[in-house]
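Let's walk through this one together, a question at a time. Have a look at the picture before reading on.

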Amino acid sequence: MRDFKDVMNDLRESVTSIPEEFFILERDSFRLGEEVVNVVYAREGKNVNIFLNNDLLDEDFPSVKVAKESFKHIRNMMNEMINEGISLEEIRNEINIRV
């Protein structure tokens, strides 16, 4: 029998639709206010990119380690903005996500 974590991972993967030229390296999710945000670290060529809810951030990173470290800062900023009453859509526009 599969555990809950495996089922949740399968569900997250089923709703992720990133372009085919990206190779998915890692997945994660976190709660931001009332919403759950899916994070995907993916490689295109030599660069690592971050997708938030299937939207690509405007920045490339040399490795997953650097991407995760940079995303910690982005995540903290997002949490502060949510606490100030700013919507997730406005946050996404603020951190320059390509749509």
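**Getting to know the chain**

The chain has an accessible surface of about 6700 Å², with 48% of that belonging to carbon and sulfur atoms (areas come from the Shrake-Rupley method with a 1.4 Å probe, and for residues only the protein chains shown count as cover). This is a predicted model, where local features need pLDDT of at least 70, side-chain atom pairs count only at pLDDT 80 or more, and totals for chains, interfaces and linings use all residues. Residues are numbered from 1 along each chain as its sequence is written, and side-chain values use heavy atoms, leaving out hydrogens and water.

Q: What pattern does the chain follow along the sequence?
A: Helices (H or I, at least four residues) and strands (E, at least two) are DSSP runs, numbered from the N terminus. There are 3 helices and 4 strands here. Read in sequence, they give α-β-β-β-β-α-α.

Q: Which strands are the edge strands of the open sheet?
A: Two strands pair if DSSP finds at least two bridges between them. The sheet's order is β1-β2-β3-β4, with antiparallel pairing. The strands that pair on one side only are β1 (23-32) and β4 (55-56).

Q: Is Leu88 buried or exposed?
A: Leu88 sits in helix α3 (residues 88-94). It touches Leu32, Glu35, Val37, Asn53, Met78 and Ile82, not counting residues up to four places away in sequence (contact means heavy atoms within 4.5 Å). Buried means under 20% relative accessible area, exposed over 50%, partly exposed in between (1.4 Å probe, protein chains only). Leu88 has 9%, so it counts as buried.
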